[in-house]
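Here is a short report on one protein structure. Take a look at the model first, then read on.

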Amino acid sequence: MRSVQDPPERAQLIAVATDALRWVADAAVPTSDGATWPVTRAPAAPRTDDLYAGTAGVLVGFAEARLAGIADFDDHARAAVAQLQIQAAADLDRIDDSDPGLYTGLAGMLAGLDIWGQASGDFAAREAARGLTLRLARIAAAGPVSPWRDIIAGDAGILLVLVALGGPGAEPGVSATADRLIAATEWIDGLPDWYARADYPVFLPNFSHGAAGVGCALAAAAAFLDRPELLEVAELAAHRLIKLGKRTDGTLAVPHSIPLADPQAPVSYGWCHGPTGTLRLFEILDSERPGQGWADWADACRLAVRRSGLPERKYPGFWDNIGQCCGTAGVAEMVLDYYQASSEREWLSWAVEDLTEDILDRRTTDESGVRWSHTEHRRPQPLLEPGVGWMQGAAGIAGWLLRLARVEQDGTKAVRLRWPDQPGLQLGAWNDINET
């Protein structure tokens with residue numbers, strides 16, 4: 001058990017996050033167009049411009065810094081913007097040989113540009129993102145752009161970016177992409193699910209690769225296109241998740257995989273394969289069909305996470321991750337989302353006193369800055385190389401710390417960045433930062 005400590009002060013959160021982003025910024029690799037980032041700072045680590053591990057996600061970290069009033073990383077952010085604009089345009093020119101995914105490629109670059117523009121007032125970056133999105137929409141209207149169907153790499157994530165950034169001109173691409181997802185549906189006892197891709201016949205039904213994420217994308221497209229039949233499929237997907245994950249204690253936790261990859265650990269709790277992400281489908285359904293019980297199922301997901309025992313590492317392999325995708329930072333974001341919507345201070349207390357303390361306790365600090373290492377207990381050397389980017393690295397963890405500092409200062413109305421894959425989160429209306 002961790003020792004009881006005083007909750008971290010706002011100044012400490014900002015200081016740790018700033019040192020982490022300094023460590024991230026120092027990893028930049030100059031290019032002819034701007035700068036790109038490696039996945040880790042290990043020698044010969046691969047470089048990528050994606051949202052998951054590379055430049056686009058790093059730019060989101062710098063956006064969180066900008067919202068905190070920290071301008072130290074603006075030069076690095078501008079270099080990232082330049083790189084992403086050139087790379088995204090090049091990927092559109094060779095779409096058949098590029099990765100169009102939200103977290104793995106092109107669509108995530110567009111999301112990163114837009115998120116930076118929200119925080120910084122860089123209207124040119126937002127306009128570039130929207131113009132490039134319209135190009136992607138035209139390509140998507142003409143035919144498939146990805147063999148994947150999921151949020152991470154496939155049509156579901158692409159669909160959400162087209163809806164969020166494309167505007168009315170994206171409608172043909174949105175409609176065609178939604179139709180392809182409907183055509184790819186696997187029906188099990190009258191309820192829909194999706195394989196992440198046709199040649200991978202395992203259901204991963206939670207948010208990142210299956211029914212929760214695809215359902216969320218279809219619900220967003222239904223509202224955008226005024227196509228209620230898409231919302232009906234999304235509702236059926238939610239019923240599939242309830243059937244798979246409803247527990248006798250009133251919580252909801254859908255199995256990680258079907259068939260189970262690891263029967264000893266059938267349930268995960270993070271954004272990717274657990275209730276933290278899966279509840280997003282119930283949230284968007286509640287926003288589209290209020291009063292029909294969907295909010296109760298979102299609550300059931302939250303309670304499953306709360307009662308799981310995390311962030312305590314109860315056994316090897318349980319809660320070895322600190323990041324946005326699979327770990328503590330991603331759970332903490334979900335908790336803060338709920339606090340900002342509900343004003344229930346017990347959830348803020350959990351985010352501060354348990355989740356954030358876990359993040360701070362597990363950091364590495366030296367003269368080069370702050371970073372975090374995840375653990376893979378099955379490896380001979382279980383401590384993994386610290387990641388740089390958003391979903392598994394220091395940029396994403398620093399982003400969480402800065403968001404928490406903002407809430408501690410401004411309360412439930414603190415500004416939040418708008419992500420394309422979180423369309424159901426409601427707080428009146430999204431803050432459209434520096435929109436003109």
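This is a predicted model: local features need pLDDT of at least 70, side-chain atom pairs count only at pLDDT 80 or more; totals for chains, interfaces and linings use all residues.

Residues are numbered from 1 along each chain as its sequence is written, and side-chain values use heavy atoms, with hydrogens and water left out.

## Backbone

Most residues other than glycine have a negative phi, and most peptide bonds are trans. Some places in this model depart from that pattern.

The peptide bond from Ile258 to Pro259 is cis. Its omega is near 0 degrees. Pro259 sits in the loop between α9 (228–245) and α10 (275–288). Helices here are DSSP runs of H or I with at least four residues, strands are runs of E with at least two, and both are numbered from the N terminus.

Leu310 and Pro311 are also joined by a cis peptide bond. Here omega is about 15 degrees. Pro311 belongs to the loop between α11 (294–306) and α12 (328–342).

Ala44 has a positive phi, near 65 degrees, though it is not glycine. Its loop runs between β2 (35–38) and β3 (47–48). Trp319 also has a phi near 65 degrees. Trp319 is placed in the loop between α11 and α12.

Are Ala44 and Trp319 buried or exposed? Buried means under 20% relative accessible area, exposed means over 50%, and partly exposed lies in between, with a 1.4 Å probe and protein chains only. Ala44 is exposed, at 83% relative accessibility. Trp319 is buried, at 6%.

## Helix pairs

Helix α7 (residues 171–183) packs with helix α8 (residues 211–225) at an angle of about 140 degrees. Their axes are 10 Å apart. That makes α7 oblique to α8. Angles under 35 degrees count as roughly parallel, over 145 as roughly antiparallel, 65 to 115 as roughly perpendicular and the rest as oblique. Axes are lines fitted to C-alpha atoms, for helices over the stretch in contact, and angles run from 0 to 180 degrees between N-to-C directions.

Helix α5 (residues 123–142) packs with helix α6 (residues 155–166) at about 130 degrees. Here the axes are 9 Å apart. This pair is therefore oblique too: α5 to α6.

α7 passes α8 in a left-handed crossing. The crossing of α5 and α6 is left-handed. A crossing is left-handed if the near helix is turned anticlockwise from the far one by less than a right angle, and right-handed if clockwise.

## Pairs apart in sequence

| Pair | Apart in sequence | C-alpha to C-alpha |
|---|---|---|
| Leu113 and Ala63 | 50 residues | 9.7 Å |
| Glu353 and Pro8 | 345 residues | 7.8 Å |
| Gly61 and Ala17 | 44 residues | 9.5 Å |

Leu113 lies in helix α4 (residues 106–120). Leu113 is buried, with a relative accessible area of 0%. Gly61 is found in helix α2 (residues 55–67). Gly61 is buried, also at 0%. Glu353 is part of helix α13 (residues 345–361). Glu353 is partly exposed, at 43%.

## Empty spaces

Rolling a probe the size of a water molecule over the atoms shows where empty space is left. On a 1 Å grid over the protein atoms alone, a cavity is a set of points where a 1.4 Å probe fits but cannot get out, and a pocket is an open set with protein on both sides within 12 Å along at least five of seven lines; lining residues have an atom within 4 Å of a point. Grid points are joined across faces, edges and corners, and a volume is the space filled by probe spheres set on the points.

The structure holds one cavity of 30 Å³ or more. About 320 Å³ of space lies in the largest cavity. Its lining has 24 residues, and Arg280, Gln324, Glu333, Trp419 and Gln422 lie nearest its centre. α10, α12 and α14 (394–410) each give two or more residues to that lining.

The largest pocket holds about 1300 Å³ of space. It is lined by 46 residues, with Ser268, Gly317, Cys326, Glu376 and Arg378 closest to its centre.
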